[in-house]
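I opened this notebook to keep track of what I looked up in a structure that was new to me.

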Amino acid sequence: MTDLSRYQDPLAIQRVLHTAKTIAIVGLSSNELRASNFVGYYVKRHGYRVIPVNPRETEILGEKCYASLLDIPDPVDVVDVFRTPDALPGIARDAVAIGAGCLWCQFGVINLEGAKIAEDGGVTVIMDRCLKVEHARYVGRMHWLGFNTQRITSVRSGLQ
């Protein structure tokens with residue numbers, strides 16, 4: 001098992017969530033039952049600009065859809081990836097090419113080659129984390145629902 005802790009740093013995650021304004025979601029689906037659609041709807045509702053990236057669609061969540069990251073005419077802060085891990089190196093190259101600030105790889109999207117490409121290009125990498133879950137953990141109200149936010153603990157040294 002690969003140690004992904006360097007790609008799951010709470011401070012890096014919070015910095016990305018608090019500074020980002022525009023999120024390109026690669027693999028965003030128009031199907032409301034898909035996780036990507038739910039995440040896109042959630043982050044849009046919380047004030048982020050969502051740019052769908054899906055070559056099979058023209059519009060998702062009321063936003064113009066682009067075939068690739070390279071087609072987006074505006075600056076992108078976060079590239080959120082809902083694709084298979086083997087697609088990550090190419091997406092990482094495109095994220096570097098457009099000057100994205102962060103490559104965010106959703107649960108299960110783990111590819112160390114892609115992470116290295118992004119890091120070598122100066123892009124922050126968050127891997128095997130859900131943008132919606134992390135936003136709710138650090139910015140929203142998820143902690144009231146009883147999820148483990150790693151913020152309150154009975155272990156004395158555990159407070160951050």
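**Ground rules.** I am working with a predicted model, in which local features need pLDDT of at least 70 and side-chain atom pairs count only at pLDDT 80 or more, while totals for chains, interfaces and linings use all residues. Residues are numbered from 1 along each chain as its sequence is written, and side-chain values use heavy atoms, with hydrogens and water left out.

I looked up the strand order and found an open sheet of five strands, 2-1-5-6-7, with parallel pairing; strands (E, at least two residues) and helices (H or I, at least four) are DSSP runs numbered from the N terminus, and two strands pair if DSSP finds at least two bridges between them. Strand 2 (49-53) and strand 7 (124-127) form the edges, each pairing on one side only. From one strand to the next the twist averages 20°, where angles run from 0 to 180 degrees between N-to-C directions and axes are lines fitted to C-alpha atoms, for helices over the stretch in contact.

I then followed strand 6 (residues 102-105), which pairs with strand 7 in the parallel sense over four bridges, and noted that L103 has V125 of strand 7 as its bridge partner. Helix 4 (residues 112-120) packs on the sheet, touching strand 6 and strand 7, and its direction makes about 155° with that of strand 7; contact means heavy atoms within 4.5 Å.

**Helix 3.** Which residues of helix 3 are buried? I found L88, P89, I91, A92 and A95, buried meaning under 20% relative accessible area with a 1.4 Å probe, protein chains only. Seen down the helix axis, these fall within an arc of 160°, so they line one face of helix 3; the arc is that of the directions from the axis to the C-beta atoms. They pack against strand 1, strand 5, strand 6, helix 4 and strand 7.

**Q106.** I placed Q106 in the loop between strand 6 and helix 4. Why does Q106 count as buried? Its relative accessibility is 4%. Its C-alpha atom is separated by 9.3 Å from that of S36, 70 residues apart along the chain.

How values were computed: Buried < 20%, exposed > 50% of the residue type's maximum accessible area, 1.4 Å probe, protein only.
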